[in-house]
Amino acid sequence: MDKHYRLDLSVGIFMILGFLALLVMVFKVSGVQALTHVGSYEVTANFSDIGGLKVRAPVTIAGVKVGEVTSIDLQPGQLNAKVKMQLRSDQKIPFDDASARILTEGLLGSNYVSLVPGFESVPNHPFLRSGDVIERTQEAVILENIIGQLLFSAKQST
Amino acid sequence: MLDRIAQTGAFGRTSVQRLGQAGVFLCRLLLRIPNFKKIGPSVWHQLYSVGVLSGIVIVVSGLFIGMVVGLQGHHTLQKFGASSQLGQLLALSIARELGPVVSALLFAGRAGSALTAEIGLMKATEQLASMDMMGVDPLARIVYPRFLAGLIALPVLSLIFSAVAVYGGYLVGVERLGVDAGSFWSNMQAAVNFRLDVLSGIIKSMVFAFLVSWVAVYQGFTSTPTAAGISQATTRSVVHASLLILGFDFLLTALMIGGW
């Protein structure tokens, strides 16, 4: 009886340790975000050039993460990039004149989307909601283009 | 020359026949409605000898693997001035690759070989035959609980391995080499996606558990009932299981990176 008790106990501890390890992997390692808990909605923005933007890149307002990029597609007609973003729905973003920019973290860091909220002037559509398209966008700044322009203007001035 | 060709042919035929035998064995094992009331205590007991007793080796090697990856990663990342990305490197390589694969290899060596030897010895001492004679199906009473215990134990062990390895890397990277703890965890959490990275690692370890348990019980059950036969079966069990793990790891990784 005593032997059985110890066997059961050790297997129980083993299973609990496994469950704890799963919890560690979920919360400590992958840091499952609150994004799924508060609910989210999807908006799109069309950029003429997204630079190195990737799926799962963060979407920020004033530097604070409010969502992430879920898909990037090349649109057949205009040949520009259609970027879908998932935003958490507890933060309301004024819709009118809202704009999206693609910025870079530091000089050589990865790209992210920065939203600039607009004004709450349209009475029946004050905030961004699911399916909206952000009209005003600014494409990614490509370092090579800037260097090219710089060299070009330097050549002209001499 | 002709002998060589004949040998090759015979080898190929035996291999295919063994493979078919293993498949039939698996079907006979799986196509049954288990009587959990009868095999429950047995599964529990096997879970102890297969899972709990493998715990120490898994924890210790997880700790050392994490520490080594932390050390190597820091050494390389430092050259690019990116040692703050250590957490990301560590967690991704452990959760996606090292955790499932290394724990499966250890499991094949520690538990798979023991299963094969145990069942093989039961066969050699004619315990299985006498069970059969008494109308007790040895597949149901001996093999099935061991198979099931292996299936449950390895994913649990591989989760423990991954968690311990991450903390091993933390120990070396943060405590010893001075990476900032905040950037270690936040970079890790930003980079690791639960569904893509952690869950795919768990799926991998489930597949490996299936393969290792299958190979182990099959080799034991079909071993030649002599001392040499059991030793051969045990060797084959570890070798085949390890090769299958590495081969399937490549296939699964290709599948997962391709986005299913």
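**Close-up views of cavity, pocket, helix contact and aromatic pair**

The largest cavity has a volume of about 60 Å³. The model is predicted: local features need pLDDT of at least 70, side-chain atom pairs count only at pLDDT 80 or more, and totals for chains, interfaces and linings use all residues. Residues are numbered from 1 along each chain as its sequence is written, chains are lettered from A in the order in which they are written, and side-chain values use heavy atoms, with hydrogens and water left out.

**View 1. Lining of the largest cavity.** One cavity of 30 Å³ or more is found in a search of the whole structure. On a 1 Å grid over the protein atoms alone, a cavity is a set of points where a 1.4 Å probe fits but cannot get out, and lining residues have an atom within 4 Å of a point; a volume is the space filled by probe spheres set on the points, which are joined across faces, edges and corners. The lining includes A:Met25, B:Pro100, B:Leu159 and B:Ile202. Helix 3, helix 5 and helix 7 of chain B are the elements that give two or more residues to this lining; helices (H or I, at least four residues) and strands (E, at least two) are DSSP runs, numbered from the N terminus. By class, six lining residues are nonpolar, four polar and none charged (Ala, Val, Leu, Ile, Met, Phe, Trp, Tyr, Cys and Pro count as nonpolar, Asp, Glu, Lys and Arg as charged, and the others, Gly among them, as polar).

**View 2. The largest pocket, with about 680 Å³ of space.** A pocket is an open set with protein on both sides within 12 Å along at least five of seven lines. Of the 20 lining residues, A:Pro58, A:Glu105, A:Ser110, B:Gln88 and B:Ala190 lie nearest the centre of the pocket. Helix 6 of chain B contributes the largest share of the lining, four residues. The lining has six nonpolar, nine polar and five charged residues.

**View 3. Contact of helix 3 (residues 86-124) and helix 8 (residues 227-257) of chain B.** The two axes, lines fitted to C-alpha atoms over the stretch in contact, come within 9 Å and cross at roughly 150°. Helix 3 and helix 8 of chain B are therefore roughly antiparallel (angles over 145 degrees, taken from 0 to 180 degrees between N-to-C directions). The residues of this contact divide into 14 nonpolar, nine polar and three charged.

**View 4. Aromatic pair of B:Phe147 and B:Phe210.** Nine aromatic pairs occur over all chains (rings of Phe, Tyr and Trp, the last by its six-membered ring, with centres within 6.5 Å). B:Phe147 and B:Phe210 are edge-to-face (planes over 60 degrees apart), at 5.8 Å centre to centre and 75° between the planes. B:Phe147 lies in helix 5 and B:Phe210 in helix 7 of chain B, so the pair ties together parts that are 63 residues apart in sequence.

Technical notes
Angles under 35 degrees count as roughly parallel, over 145 as roughly antiparallel, 65 to 115 as roughly perpendicular and the rest as oblique. Rings of Phe, Tyr and Trp (its six-membered ring) pair if their centres lie within 6.5 Å; planes under 30 degrees apart count as stacked, over 60 as edge-to-face and the rest as tilted.
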